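The entries follow the order in which I looked things up.

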Amino acid sequence: MKSLGSRVLLAHATIVLVLVAVFLALYVSADGPTAGVGLMLPGLPLLALGLPWSAAFFNADGDLAKSMWLVLVLGPATVNVVIHGLVRLIWVAARHVGDGTFGRRS
């Protein structure tokens, strides 16, 4: 894992994983009327990392189940990490095909 693209993917996945873990830890321990304020700290960056898919969060009505709110907050950022990984995989494979080294072991 020497290339910049691999490091960027690793950083992206690590940031999302840490934010998801912090969000879930705060979500489990949240109680009281101000619980939503603490959830905004990891929640807003997760929504930003989940764009454009997280736009559904802002269009959702207030009467959704709690599990659906979790999917709308945590899902888009996770989907973007998976898409980033797939794009990286295709990019590396295409580069090797162009070099004529696809399928060879070095």
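I looked up Phe23 and found it buried, because its relative accessibility is 7% (buried means under 20% relative accessible area, exposed over 50%, partly exposed in between, with a 1.4 Å probe and protein chains only). Tyr27, at 27% relative accessibility, counts as partly exposed. Both residues lie in helix α1 (residues 4-29), four residues apart, which is about one turn of the helix. I note that helices are DSSP runs of H or I with at least four residues, and strands are runs of E with at least two, numbered from the N terminus.

I record here that the model is predicted, that local features need pLDDT of at least 70 and side-chain atom pairs pLDDT 80 or more, and that totals for chains, interfaces and linings use all residues. Residues are numbered from 1 along each chain as its sequence is written, and side-chain values use heavy atoms, with hydrogens and water left out.

The rule takes rings of Phe, Tyr and Trp (its six-membered ring) whose centres lie within 6.5 Å; planes under 30 degrees apart are stacked, over 60 edge-to-face and the rest tilted. The pair is Phe23 with Tyr27, and it is stacked, with 6.3 Å from centre to centre and 15 degrees between the planes.

How do α1 and α4 pack, in angle and in distance between axes? I read an angle of about 170 degrees, with the axes 9 Å apart. Axes are lines fitted to C-alpha atoms, for helices over the stretch in contact, and angles run from 0 to 180 degrees between N-to-C directions. The two helices are therefore roughly antiparallel to each other (under 35 degrees is roughly parallel, over 145 roughly antiparallel, 65 to 115 roughly perpendicular, the rest oblique).

For the contact (heavy atoms within 4.5 Å), I listed residues on both sides. Those of α1 include Val16, Val20, Phe23 and Tyr27, and those of α4 include Val73, Leu74, Ala77 and Asn80. By class, this contact has 13 nonpolar, seven polar and two charged residues. Ala, Val, Leu, Ile, Met, Phe, Trp, Tyr, Cys and Pro count as nonpolar, Asp, Glu, Lys and Arg as charged, and the others, Gly among them, as polar.

I found that the axes of α1 and α2 come within 9 Å and cross at roughly 145 degrees. The crossing is left-handed, a term used if the near helix is turned anticlockwise from the far one by less than a right angle, with clockwise giving right-handed. The residues of the contact divide into 13 nonpolar, two polar and no charged.

Helix α2 (residues 35-49) packs on helix α4 (residues 66-99) at about 45 degrees, with the axes 8 Å apart. That angle makes α2 oblique to α4. The crossing is left-handed. Gly43, Leu46, Leu47 and Leu49 of α2 make the contact with Leu72, Val73, Leu74, Ala77 and Asn80 of α4. I counted seven nonpolar, two polar and no charged residues there.

Which residues does a cis peptide bond join? The bond lies between Leu51 and Pro52, with omega of about 5 degrees. For context, most peptide bonds are trans. Leu51 is placed in the loop between α2 and α3, and Pro52 is found in that loop as well, with α3 spanning 55-59. Leu51 is partly exposed, with a relative accessible area of 48%. The C-alpha atoms of Leu51 and Ala77 are 7.4 Å apart, although 26 residues separate them along the chain.

Is Pro33 buried or exposed? I found Pro33 exposed, at a relative accessible area of 87%, in the loop between α1 and α2. Its C-alpha atom is separated by 30 Å from that of Pro52, 19 residues apart along the chain.

Asp61, in the loop between α3 and α4, counts as exposed at 54% relative accessibility. Asp61 and Ser3 are 43 Å apart, C-alpha to C-alpha, and 58 residues apart in sequence.
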